[in-house]
Amino acid sequence: MKSPVKTLLISISLAALLAAAPANDKISLNIDGMGITDLIKLVAATTHKNIFIGEEIPGTISYAGNKPITKKDLYNILQNTLEAKGYTLVDTGAGYLSVVKTADATQMNLPLMQKSDIPQMQNYIFTFRFASAETMGLKIKHFTSKNGKITASKESNSVIVTDFPENIATIKKAMLILDARDETIANTTHVIPLKNADAKSLVTTLNTILGKMALMPGQQPPSIASDDTTNSLIVITSDELFKSLESTIHELDRDRQQVYVRAKIIEISEKKSEELGIKYGLSGGKLGSNGLFTFNSLLGDGTTSAISLDPLLLGAISLPSLTSGIALGANISLLNSNGAANILSEPSILCIDNQESSIYVGKTESISSGTTLGVGITQQNYTRQDIGLTLKIKPRLSNDNKVLLGVTAKLEDIEPNSIADRPSTTKREVLTSAIVNNGESVIIGGLIREKIDETNSKVPFLGDIPVLGNLFKNKATNRDKINLVIILTPYIIEKSGDLNTLRAQLSELDALQERYIANITKNLESKKDAKP
């Protein structure tokens, strides 16, 4: 074992040698059995730094140097020696270095993300772009020293590492690999403007789909919201999941087919229809299977075939549907011109496939709801009530150019013989479905009300004689049934741009129908005049 005198001589000779050397010169160093406290004194003398030693650190050091080192390398030798004993060297910032226990060093005011004159412990903040702070804190723990400390911040997605510069440098390199974007789980925000579908409704549909989607380990379920102002979807998910969602979204956002529905709302008098049938000698006056008073002899007289049809119109609507539609229009016109029918309204509505649309034709009436009695005051109360026809239509297209029409018709009216200030109302409702071809009409009937008219007639002058005048008066009561008939004719629109073309074709159809009606009327008048 070396004697204290010999150790001291070695320390003094080394200190003198290193002190005399320039700062950047390399020095050959060999130490054999030097005490750790003497090594601290040697480093202090060599680097011209003040070092505070709070307590005697036991142990010795031996260093065999085969290559020259610099003065700064002495700090590394000293730090490694101290770390093995549970101590470290810290710059206090007060003009001296201090030897402290490593466990206490992490609580001191260590440098933050800056270089130091000595290789001491420091604080460094790592912020992650893709990985979470909790996950990365566990991964980089492997690269810290025995007494290194890691603190994760979830709010800023970062970790604070307290460790030696060499370990921090290793963590920086590891970050370049570990904090890489994982395309299968990393979330990205995507904004998708919709052209046809409603964003809010589509969110509901997509969330139903996502609830049944199988996710890979680590994948988060997509988040989908709608922006009603721009009719856009906001999708937050990984690029991998978005690829599968995107095709579904575009498929649901297709240009939807539409159905243009023309409606005729007609009141038909049963009594006047019978009279009209007798007048022209036709088989009218009876309800046919289609729910309308028909004149069968008009449908097969060959008049339609004598009129030239536009090829474009024939391409849009099949000939049987077109022929029957023209004949039906002629029947209604004949009834209307002779007072047997009253066309109340002819609205049109553009419907989206499989989406309900509605038409309301009527007015709002004040209906008495009761009387409130007060002190010397009687107040009549009224409520506003819609009186008229409500028609709801929901079309659904099939692949064979047919339309399934779901129809709800509700008619609310005031009883004709009701008391003026306390009227009674009636409600008639029909709920039905029908499958028709493109351009083919469906007729809804059965909304019947009874009409009673009383007429008084008298012989002039004689009917005014008191008592005896009753012999020259006549009171007649006429009863009639009024059938409310709704005729719906759907036309399929493949694309939005086809609507203008369809309207032009329907205008031509109306003109064609007028010519057909004129021919029918002319033929009927001729037949009537030809009778003996």
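Helix 7 and helix 8 cross in a right-handed sense, a crossing being right-handed if the near helix is turned clockwise from the far one by less than a right angle, and left-handed if anticlockwise. The contact is formed by L202, T205, L206, I209 and L210 of helix 7 together with L245, T248, I249 and L252 of helix 8, where contact means heavy atoms within 4.5 Å. By class, these residues comprise seven nonpolar, two polar and no charged; Ala, Val, Leu, Ile, Met, Phe, Trp, Tyr, Cys and Pro count as nonpolar, Asp, Glu, Lys and Arg as charged, and the others, Gly among them, as polar.

The model is a predicted one, in which local features need pLDDT of at least 70 and side-chain atom pairs count only at pLDDT 80 or more, whereas totals for chains, interfaces and linings use all residues. Residues are numbered from 1 along each chain as its sequence is written, and side-chain values use heavy atoms, with hydrogens and water left out. Helices (H or I, at least four residues) and strands (E, at least two) are DSSP runs, numbered from the N terminus.

Helix 7 (residues 199-210) packs against helix 8 (residues 239-252) at an angle of about 140 degrees, the axes lying 12 Å apart; axes are lines fitted to C-alpha atoms, for helices over the stretch in contact, and angles run from 0 to 180 degrees between N-to-C directions. The two helices are therefore oblique to each other, given that angles under 35 degrees count as roughly parallel, over 145 as roughly antiparallel, 65 to 115 as roughly perpendicular and the rest as oblique.

Strand 10 is joined to strand 11 (residues 232-238) over five bridges in the antiparallel sense, and D227 has S232 of strand 11 as its bridge partner.

The structure holds three salt bridges, each defined as a side-chain nitrogen of Lys or Arg within 4 Å of a carboxyl oxygen of Asp or Glu. One of them joins K200 to D228, with the closest N and O atoms 3.5 Å apart. This pair links distant parts of the chain, since K200 belongs to helix 7 and D228 to the loop between strand 10 and strand 11, 28 residues apart.

Another open sheet of three strands, again with antiparallel pairing, has the order 6-8-7. Strand 6 (122-127) and strand 7 (149-153) stand at its edges with a single partner strand each, so one side of each is left without a neighbour in the sheet. Strand 6 pairs with strand 8 (residues 158-163) over six antiparallel bridges, and Q122 has D163 of strand 8 as its bridge partner. Helix 5 (residues 133-140) packs on this sheet, touching strand 7 and strand 8, and its direction makes about 25 degrees with that of strand 8. Helix 6 (residues 165-178) lies across strand 6 and strand 8, running at about 5 degrees to strand 6.

Terms used. Two strands pair if DSSP finds at least two bridges between them.
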